Amino acid sequence: MTTFHLAPDKRASLSEAVALVQDGMTVALGGGLSARLPMAMVRELIRQGRRDLHVIGSAHGIDVDLLVAAGAVKVSEESYVGFEQDFGLAPAFRRAAESGALEVRESTCVSILSQLRAAEMGLPFLPVRGLKGTDIGTLHPEYAMVTCPFTGEELVAVPALSPDAALIHAPLGDHRGNLHLEQPYVMDERFAHASRTVLATVERLAEPGEVAAAGVVIPAHCVSAVVEAPFGAHPSSCYPDYAYDRPHLAGYVAAATEGGEALREYLDRFVFPGEDTCRGRIDADRLRSWAASDRDWQELFR
Amino acid sequence: MSGWSLDEWFVVALARTIRDGEVVFHGFASPCAQVAMHVARRTHAPGCLLIEGATYAVDPDPVFVPPTSNDLALHRDAAYRMRFEEFFDAASRGAVDRMFLSGGQIDGYGNTNVTAIGGMPTPKIKLGGGGGGGNISATIGTLSLWTTRHRSGRTLVPQVDFLTDLGHRTPAGSRAELGYTGRGPQWLVTELGVFDFAPDGHARLRATFPDVSLTDVEAATGFDLRVELDPSLLGPPTDAELAAVRSLDPLGVRRREFGAEELHRRFARDAA
């Protein structure tokens with residue numbers, strides 16, 4: 001937030017909340033890699049036909065790749081996009097970067113973190129360690145060199161960054177917008193404090209007392225709208241509710257790699273019909289079975 | 001134990017780059033390093049502080065290693081999880097002793113490219129990206145590099161197409177000239193052998209796996225190959241090390257880093 005959000009009741013529908021994101025905005029994506037990605041909002045952005053987004057984050061996966069596959073992204077300023085050793089390079093992201101359809105201003109975790117912190121503190125920039133000698137600066141003409149007034153040391157300065165919108169998924173929240181998250185929080189706290197608009201989906205809306213007892217990680221005054229969206233992080237994980245849906249991700253990566261008709265079929269099955277219909281296609285019991293035993297948990301990854 | 005595979009030995013070789021008492025970290029998409037850190041902690045380096053990449057959990061005992069590095073299976077029982085910013089602050093101020101880094105390309109000075117083959121802004125192959133390496137490779141005490149793709153001939157190159165993470169010497173200058181406090185790469189472990197870095201910062205081959213010849217290494221290495229062999233630097237794994245690898249990684253996630261032909265390589269005590 002750049003200013004606090006004081007409405008007493010932030011509840012909204014998914015389409016109302018996501019309509020606050022406009023074409024061309026800078027959008028911070030919460031969660032990381034294969035965990036707690038704001039997928040319900042990502043899918044709604046695609047359903048609403050959003051274009052030219054500038055996405056910002058640390059290490060991400062299907063959230064960025066799916067947005068790129070749907071043609072919603074103009075610039076990626078993530079520090080990593082991929083499927084790690086499980087499914088490798090991000091197919092749509094890679095194809096768009098290689099064809100020039102996507103501008104990749106690859107960033108680093110420390111740069112983004114420092115840019116958000118500068119915005120939170122009301123400062124124009126912060127200096128960061130490293131980067132000198134790397135080629136990362138060639139992707140960031142907005143970086144500059146700064147000389148420490150005390151030691152004379154030359155450091156890279158990164159400008160403050162206030163994303164237009166942050167999209168965050170949480171396991172639990174209340175109608176005021178208080179959010180409980182499980183660790184790792186990744187950059188979600190920083191996104192919540194630095195962004196102009198913060199949109200949250202939660203697995204379950206609960207009474208404020210229950211959220212307070214679980215622990216408020218992102219306070220209501222940082223949040224603009226809250227939407228109940230069960231399986232809103234699927235196919236990424238949202239512990240303690242459900243694990244990562246590995247067969248689904250394998251299917252997505254295959255469809256996105258093939259592109260064309262295969263990708264269209266994925267979107268027709270798992271995005272365009274809407275959250276209620278798509279949720280019915282998830283094997284919920286299987287994804288919740290991680291909690292039954294360590295053996296069941298391991299089976300989810302075979 | 002009746003023999004072991006290359007992937008098991010490779011992880012043990014990586015584990016042995018850790019010294020007891022160090023604060024050690026691996027990033028995402030790094031299963032070999034991830035397993036290696038836990039093997040070290042369970043064998044020769046019990047006094048390490050181990051920071052599990054992408055969960056930032058401190059000294060966790062993973063239920064098992066899953067194929068993604070942000071999963072509760074890695075940190076369920078950890079007493080403490082650092083915040084993202086807490087880890088990067090510690091790494092930036094020099095409180096972390098060792099980090100593991102790999103790359104699609106690695107040059108003779110240990111600079112790595114995890115951004116793009118063919119360079120930017122017009123990549124031939126867009127790789128995933130560097131995470132936080134471009135900053136903290138400057139400040140973390142020392143680095144253990146690894147690659148499982150040395151044999152391809154495309155990984156150890158004279159010059160990286162894009163410099164993502166810092167080795168000992170970049171086109172813009174040495175670490176000292178750039179004002180960096182981290183000491184840079186100490187080891188480079190590949191599926192063919194082990195390199196260290198000479199006082200001028202260039203890699204030198206110190207040992208090869210027993211089924212690898214110097215000719216194999218020469219054919220696969222794009223940078224100037226310096227050789228100063230000391231086979232004791234690549235001793236066979238102990239039973240305790242092998243047991244640790246197998247119990248930590250029952251799904252064999254580490255094996256995903258290797259080409260299929262490397263996974264057939266087997267070794268035994270007398271042959272080693």
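User: What share of the contacts in chain B between residues at least 6 apart in sequence joins residues at least 24 apart?

Analyst: In this predicted model, 69% of the contacts in chain B between residues at least 6 apart in sequence join residues at least 24 apart, a contact being counted where the C-beta atoms of two residues lie within 7 Å.

User: What makes a residue count as buried, and what percentage of chain B is buried?

Analyst: The criterion is 20 or more other C-beta atoms within 10 Å of the residue's own, and buried residues make up 58% of the 272 residues in chain B.

User: Why are H2(A) and H3(A) called roughly parallel?

Analyst: The axes of helix H2 (residues 39-47) and helix H3 (residues 62-69) of chain A come within 10 Å and cross at roughly 5°; angles under 35 degrees count as roughly parallel, and therefore H2(A) is described as roughly parallel to H3(A).

User: Which residues of H2(A) and H3(A) meet?

Analyst: A:Met39, A:Val42, A:Leu45 and A:Ile46 in H2(A) meet A:Asp63, A:Leu66 and A:Leu67 in H3(A), a contact with six nonpolar residues, no polar ones and one charged residue.

Terms used
Residues numbered from 1 in each chain as written. Chains lettered and ligands numbered in written order. Predicted model: local features only at pLDDT ≥ 70, side-chain atom pairs only at ≥ 80, totals over all residues. Buried ≥ 20, exposed ≤ 12 C-beta atoms within 10 Å, placed from the backbone. Axes fitted to C-alpha atoms, helices over the stretch in contact; angles between N-to-C directions. Helix = DSSP H or I, 4+ residues; strand = E, 2+ residues; numbered from the N terminus. Parallel < 35°, antiparallel > 145°, perpendicular 65-115°, else oblique. Nonpolar A, V, L, I, M, F, W, Y, C, P; charged D, E, K, R; others polar.
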